[in-house]
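Hi there,

I am passing a structure on to you for your first look. Please open it next to this email, and read the notes below with the picture in view.

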Amino acid sequence: MPLPSFRSSRSKVRRRRSHHALKAVSTMQCASCGATLLPHRACKNCGKYGDRSVKKTGMEEVKKVLKKTTKAEKPAKEGKGPKAQKVTDEKQA
Ligand SMILES: [Zn+2]
């Protein structure tokens with residue numbers, strides 16, 4: 001395995017490592033619910049960004065799911081699709 005030609009001096013190593021320090025993450029409080037959040041991001045607690053609501057929460061999400069399930073349970077319209085055609089063909093024969 002290759003090695004560096006020369007040993008790095010203490011000064012050189014310390015100069016390189018002078019940029020390795022970690023910075024504290026800046027946070028802010030949500031204006032509507034007071035939860036701690038990162039700046040320029042929507043609140044995970046109430047789904048608001050500034051004064052706008054950008055995320056559907058609670059009943060809106062439940063309504064969406066219910067709408068999807070009721071749509072799937074409805075029977076297919078007659079005369080459309082391969083299954084409906086098959087049934088009519090059998091009746092004729
Ligand atoms: Zn909030």
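Buried residues make up 1% of the 93 residues in the protein chain; a residue is called buried if 20 or more other C-beta atoms lie within 10 Å of its own, exposed if 12 or fewer, and partly exposed in between, with C-beta atoms placed from the backbone. This is a predicted model, in which local features need pLDDT of at least 70 and side-chain atom pairs count only at pLDDT 80 or more, while totals for chains, interfaces and linings use all residues. Residues are numbered from 1 along each chain as its sequence is written.

About that confidence score: pLDDT is the predictor's confidence in each residue, from 0 to 100. The protein chain averages 81, and 71% of its residues score at least 70.

The protein chain has 3 helices and 4 strands, in the order α-β-β-β-β-α-α from the N terminus. Helices (H or I, at least four residues) and strands (E, at least two) are DSSP runs, numbered from the N terminus.

Two loop residues deserve a look. Ser-32 sits between strand S1 (28–29) and strand S2 (36–37). Is Ser-32 buried, exposed or partly exposed? Ser-32 is partly exposed because 14 other C-beta atoms lie within 10 Å. Leaving out residues up to four places away in sequence, Ser-32 touches Cys-46 and Lys-48; such a contact means C-beta atoms, placed from the backbone, within 7 Å.

His-40 is in the loop between S2 and strand S3 (48–49). His-40 counts as exposed because it has 7 C-beta neighbours inside 10 Å. Although not a glycine, His-40 has a positive phi of about 65 degrees. Most residues other than glycine have a negative phi.

Happy exploring!

Notes
Contact = placed C-beta atoms within 7 Å.
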